[in-house]
Amino acid sequence: MIQAGDTAFILVSAALVLFMTPGLALFYAGMVRGKNVLATIMQSFFMIALISMEWVALGYSMSFGPDVGGLTGNLAWAWLSGVGAAPNADYAATIPHSVFMIFQCMFAVITPALITGAFAERVRFAPCLVFSLLWAVLVYNPVCHWVWGAGGFLKLMGVVDFAGGLVVHLTCGAAALAAVLIIGPRKDYGRTQFFPHSLPLTLLGTGMLWFGWFGFNGGSALAADGVAGTAFVATHMGGMAGMFMWTVVEWKHRGKPTTLGAASGAVAGLATITPAAGFVTAPSAIVIGLIAGAVCYFGVLAKSRLGYDDSLDVVGIHGLGGLVGTLMAGIFATKAVNAAGVDGMLYGNAAQLGTQALGIVIVGAYAFIVSWGLLKAVNAIAPLRATLEAESQGLDLAEHTETAYSD
């Protein structure tokens, strides 16, 4: 039976998750050079239109529709056929089916937007959109069904992902790694230092992301209940601990703390707590955030040693954070927090850690391989990479005939 409180809570949570995509656009835009601000914003912001359209047409039905062999949903709910005011007991019995659909739509929107940070400042807009659309259909939708869909094979295997460590963060991290390897580094990467043009903009985006993340994780309880409260608290604990640890490690390692490091640490902590948020206690969430701050800091540093240009650290923060957080769920999860969840290794179920690791291997490998194939295919038809002239001029002018700032 529909509950007004649950419905209101999920509607507000959906709005908070939508708010994260403009937040992400500002978070990314502040870290690029001034000549690429609008192009960077557009690559995230336009996903609201592009992926929402895809979600209505077939994405929702592929992700959550009636199961086909544990691999995908069928197209019974394409164009939202049958998705109305009545609840769907397979997913949320106390909110309208349409409310569940729009909440999940916001997750689908932000995930390909996250990928764009990896190849910021060097990819053309139109091929980026083609890749993002195909990626949503062939990567996001199937993985979403595997992990969250009724009958999904990873769900049936016992893999848990409360709010998107696998579905959102690992998939986008794997795609980002494929993208930077195929597209290559920015012009003069390694010879010229690229400075963020507006760190205040990045910090504003961080705040918007953090605010929206309460809906992202808290709303994933799909009810205004104790699990939502647990996830809400864990979200803040993870984010603040990630910021704390990244700042301390950077201060020790480099001699000075930076605002960019604080922002990066917060996002790393938030991404890492996401798969475990509704399954762990507040002290466990703090431990997970602390681990995230250290691991993701050194993960980001590794890109210079490995020689790839991940412009805005999607691999090191989101990909690695999603991976670590999924493993942490296999260690710290407890049914004492969420009776519908699992016990992890610390609560007598060591096998759960292996189950989580298997989920990581399957999702990571699938997302990387399919992303690689899609990038190669799109690039063969319409080159992804901007010309060197356009890159020197800046993508704001070259792709959009606009500038963010007047002289």
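Predicted model: local features only at pLDDT ≥ 70, side-chain atom pairs only at ≥ 80, totals over all residues.
Local features were taken at pLDDT of at least 70 and side-chain atom pairs only at pLDDT 80 or more, whereas totals for chains, interfaces and linings use all residues. Residues are numbered from 1 along each chain as its sequence is written, and side-chain values use heavy atoms, without hydrogens or water.

The structure holds 8 salt bridges, each defined as a side-chain nitrogen of Lys or Arg within 4 Å of a carboxyl oxygen of Asp or Glu. One of them joins R33 and E121 (3.0 Å, N to O). R33 lies in the loop between helix 1 (4-29) and helix 2 (37-45) and E121 in the loop between helix 4 and helix 5, so the pair ties together parts 88 residues apart in sequence. Both R33 and E121 are buried (under 20% relative accessible area; exposed is over 50%, partly exposed in between; 1.4 Å probe, protein chains only).

R186 and D309 form another salt bridge (2.9 Å, N to O). R186 is in the loop between helix 7 (165-183) and helix 8 (199-218), and D309, 123 residues away, is in the loop between helix 11 (282-306) and helix 12 (314-332). R186 is buried at 9% relative accessible area, as is D309 at 1%. A network of salt bridges links R33, E121, R122, R186 and D309.

Helices, taken as DSSP runs (H or I, at least four residues) numbered from the N terminus, include helix 5 (residues 125-148), which contains L134. L134 is partly exposed, with a relative accessible area of 34%.

Key
Helix = DSSP H or I, 4+ residues; strand = E, 2+ residues; numbered from the N terminus.
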